[in-house]
Each structure stands twice: as C-alpha cells, then as structure tokens.
Amino acid sequence: MKTRVLAALKKSNTYISGQELSELLGVSRTAIWKVIKQLKEEGYHIEAFQNKGYRLVSSPDILSVSEIASDMQTSIMGKSIYYYDEVGSTNNTAKQLADEGALHGTLVVAEKQAAGKGRRGRTWQSPPGTGIFMSLLIKPDFSPENASMLTLIMGLAVAKAIEEMTDHKVWIKWPNDVVMNEKKICGILTEMSAEMDYINHIVIGVGINVSNKIFPREIEDTASSIWKESNIIIKRSLI
C-alpha cells in the first residue's frame, strides 16, 4: 500500500485529501495516515493541512522498493523488486532467486555491494549512497547464441536514460562500459545459465556511478561519476 500512496502523491499536482486516498486505494483514512507517517520517517517531505490534505514536496535519494516501484512505468520488467541494504553481489543474489523460481523481469537492487562483480573477476566499487547497483533477471525465449546482444541493449538503455537526465552525450565502449567525457561511469556484466539450445535465465548486472566524488588510485584516471562529469545531481531512483 505504501507504493500506491506514494505513487498517488507523486501523480497529484496539488493537495490530495486523506478521503480521496482512502477511496482511491480502498482502505481506511487511519491506514493512509499511518503510511504518510512512515513516509515522513523515511525522509519524504510531505505537507499536511486540514481541509486540504497531503502534498509531496520532495523525496529522499533512496532506492527502496516503494520509491522505485512508484515511478515504474513498465509492463513486465521490475514488477517484482527485491531491495537489500547490502549484498555480496546483486548478480549472485539474482541468480539465487532465479534458482528459487523468481519471475521473468525480477529486479534486484542494493544500496551497497560487499563483493561487486566486474569482467574477468574484477571487483566493482560499490560504496553506499553514491550509485546504482542492480541486476535484472530475465528468461528470454530465444537461442543462447543471441544472448550477447543483451549487454549492448542494456548499455543503450542506460546511456539514453543518462542523456535524457543530464543533456550530456554518453557513449558505449564495447562490450560493457558506458562512458562520459571518456571516463567510465557504468559497467555491465551479463551472466547466463543455459543448456545447449535453451536459456534457463540471464542476469544483467548494472553498476552506475552517480554521485561518487573519489575513486581508488588505480582507477581514478579512467573512472568517474555522472555528478563529476556533468555537475548535475540526479536522484538515483529516476534513472
């Protein structure tokens, strides 16, 4: 219900009363009040006035299930979301969920990765509060030999989203990097479980440096963040 209340607040251009929310969601006004209280405790700035109702003034930069889902406009992808404060790797978590029967389109998101994965066994730096660390689980109905195109498709999607939000040109560095001003701001790792002619599942992991200010010395000349390259602060859940 929290997601639906948040979505209604975001959609409204003015105040929306507790009674309207109650009728819209089919719950009591007391239940609405409790959700509003929870949202305020999570950092949402919500104005509440008698005889007017509630108005969302601003949202915190968090990656909770409700925050992500309330902006989601897809028909399949991301309809099932798993959020973690910390995981070893979102790819590993997604693969485990796949083995447990998770649905096509499941999205795994973490605030921090303790053992983020890159290509050739490299680690991906994943400090909390600065980036997007997610993995998308899909179960496509095509031959395994066509799976390699998914990394490029995800790269194009990431690049398009960043360009729309920053008005800065973003490039894809084949096979799995997204760069801005010749600096890497995103890495993509695609892993597949398949038989000879059948795909069990594919996990596409994405790590985006959004507001990182510093990087380890060994990569500081090649890696950057959206904020450093565009001087634009982006709310992570909107990417």
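Helix α2 (residues 18-25) has Gly18, Leu21, Ser22 and Leu25 as its buried residues, where buried means under 20% relative accessible area, exposed over 50% and partly exposed in between (1.4 Å probe, protein chains only). These residues cover an arc of only 100 degrees around the axis, which puts them on the same side of α2; the arc is that of the directions from the helix axis to the C-beta atoms. This is a predicted model, in which local features need pLDDT of at least 70 and side-chain atom pairs count only at pLDDT 80 or more, while totals for chains, interfaces and linings use all residues. Residues are numbered from 1 along each chain as its sequence is written, and side-chain values use heavy atoms, with hydrogens and water left out.

**Helix α2, continued**
- The buried residues of α2 pack against α1 (2-11), α3 (29-41) and β2 (53-58), contact being heavy atoms within 4.5 Å.
- On the face of α2 turned away from its buried side are the exposed residues Glu23 and Leu24.
- Glycine 26, with a positive phi near 70 degrees, follows α2.
- An α-helix has 3.6 residues a turn, so residues three or four places apart point the same way.

**Helix α5**
- In helix α5 (residues 90-99), the buried residues are Thr90, Asn91, Thr93, Ala94, Leu97 and Ala98.
- They cover an arc of only 160 degrees around the axis, which puts them on the same side of α5.
- The cover over the buried residues of α5 includes β3 (81-87), β4 (106-113), β7 (131-138), β10 (183-194) and β11 (199-209).
- At the N-terminal end, serine 89 caps α5 through a side-chain oxygen that lies 3.2 Å from the backbone nitrogen of asparagine 91.
- Glycine 101, whose phi is positive and near 100 degrees, follows α5.

**Nonpolar cores**
- The largest nonpolar core has 29 residues, and those with the most contacts inside it are Val158, Ile162, Val178, Cys186, Val206 and Ile208; such a core is a set of buried Ala, Val, Leu, Ile, Met, Phe, Trp, Tyr and Cys residues joined through side-chain atoms within 4.5 Å.
- Two or more residues of this core come from each of β4, β7, α6 (149-166), β9 (177-180), β10 and β11.
- Valine 206, not counting residues up to four places away in sequence, touches Ile132, Phe133, Met134, Met154, Val158, Cys186, Gly187 and Ile188.
- A second, separate core of 15 residues includes Leu25, Ile32, Ile36 and Ile46.

**Isoleucine 76**
- Isoleucine 76 lies in the loop between α4 (65-71) and β3, and is partly exposed, with a relative accessible area of 45%.
- Leaving aside neighbours within four places in sequence, isoleucine 76 is in contact with His104 and Gly105.
- Histidine 104 is 28 residues from isoleucine 76 along the chain, yet their C-alpha atoms are separated by 7.8 Å.

**The chain as a whole**
- The secondary structure comes to seven helices and eleven strands, taken as DSSP runs numbered from the N terminus, with helices being H or I of at least four residues and strands E of at least two.
- Of the 239 residues of the chain, 44% count as buried.
- Among contacts with a separation of 6 or more, 60% are between residues 24 or more positions apart.
- Along the principal axes, the C-alpha atoms fill a box of roughly 60 × 40 × 30 Å.

Key
A polar contact is a pair of N or O atoms within 3.5 Å; within protein, one must be able to donate a hydrogen and the other to accept it, and residues adjacent in sequence count only if both atoms are side-chain atoms.
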